[in-house]
Amino acid sequence: MSHQADAKRLFDSRGYTGATIHNQNPVHLLEKPVRDRIIESYYWKEQCFAINEATLCDRAAALTFIGGTYGQQKPTPFLCLAMKLLQLMPERDIVLEYLRQEEFKYLSALAAFYIRLTFEAKEVYGILEPLLGDWRKLRRRTRDGGYALTYIDQFVDDLLTKDRVCGTSLRKLPQRTVLEDLGVLEVRESALGEELEGLDDEADEVVEVDVNGGGEEDLSTPERNGNGVEHSDSEG
């Protein structure tokens, strides 16, 4: 097929003169064995030929799971579309729209994966960290061909902390604390941290009440019965 030959020429690093990402042919952000399996796959040949940013959006909206390769190293549609994004290199605003739209969660996941592959470290943290509060469910295709349940926040956490996601070796991402020390990023305020501080404050108040109360009963305060009605020993 001629389009398959054209794809192979595009993915060949020799004589490549197009736009680059991280100083290399963008599709080479995926390893060669993965690229080879993708261009030989049925999904790539039938669903990824002659599509643009708009039709790719339609393909991504129809996805039902994420993942890398499975079974006999068969690439998932998710991974095929990721490589197509690398080939298309859509404008930044388009990628952010993919990410932030709320109707199609697998399109958001695909955009997050693309951002992790192609954006600089400061932008990766700044753009993806808000998704750590996104608890929408995702299905993930496992290497043995089965499925596992995950969530967008967990997927994004993997992108920020792991070196390999969806069968793909990711470019080394500096630790957040290193970028904070260099002044590249501000210290991130964790919502969980605020909740823990609230619990600590409540615990301090309880300890203070116990210490000041001294265990003595205040006889001036009327008792309450089980119905919340005040009564005293003098009542007949």
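Mentor: Start with Q73, which counts as partly exposed because its relative accessibility is 31%. This is a predicted model, so take every value as computed from it. Q73 sits in the loop between β1 (69-70) and β2 (74-75), and its phi is near 60 degrees, a positive value in a residue that isn't glycine.

M89 also has a positive phi without being glycine, near 45 degrees. You'll find M89 in the loop between α5 (77-88) and α6 (92-100). With 25% relative accessibility, M89 counts as partly exposed too.

Now for another loop residue, W135, between α8 (121-128) and β3 (137-141). At 63% relative accessibility, W135 counts as exposed. Together with L149 and Y151, W135 makes a nonpolar patch on the surface, with about 370 Å² of accessible area among the three.

The largest pocket has a volume of about 410 Å³, and 20 residues line it, with G68, R143, V165, C166 and G167 nearest its centre. Two or more lining residues come from each of α2 (32-39), β3, α9 (152-161) and β5 (164-165); α9 has the largest share, three residues. By class, that lining is five nonpolar, eight polar and seven charged.

α9 turns up again in the second largest pocket, where it gives the most to the lining, with three residues. That pocket holds about 190 Å³ of space. Its lining has 14 residues, and Y125, L160, T161, Q175 and R176 lie nearest the centre. Here the classes are five nonpolar, two polar and seven charged.

Note on methods: Residues are numbered from 1 along each chain as its sequence is written. This is a predicted model: local features need pLDDT of at least 70, side-chain atom pairs count only at pLDDT 80 or more; totals for chains, interfaces and linings use all residues. Side-chain values use heavy atoms; hydrogens and water are left out. Helices (H or I, at least four residues) and strands (E, at least two) are DSSP runs, numbered from the N terminus. Buried means under 20% relative accessible area, exposed over 50%, partly exposed in between (1.4 Å probe, protein chains only). Patches are made of residues with over 30% relative accessible area and no salt bridge: like charges are joined within 9 Å, nonpolar side chains (Val, Leu, Ile, Met, Phe, Trp, Tyr) within 5 Å. Accessible areas come from the Shrake-Rupley method with a 1.4 Å probe; for residues, only the protein chains shown count as cover. A salt bridge is a side-chain nitrogen of Lys or Arg within 4 Å of a carboxyl oxygen of Asp or Glu. On a 1 Å grid over the protein atoms alone, a cavity is a set of points where a 1.4 Å probe fits but cannot get out, and a pocket is an open set with protein on both sides within 12 Å along at least five of seven lines; lining residues have an atom within 4 Å of a point. Grid points are joined across faces, edges and corners, and a volume is the space filled by probe spheres set on the points. Ala, Val, Leu, Ile, Met, Phe, Trp, Tyr, Cys and Pro count as nonpolar, Asp, Glu, Lys and Arg as charged, and the others, Gly among them, as polar.
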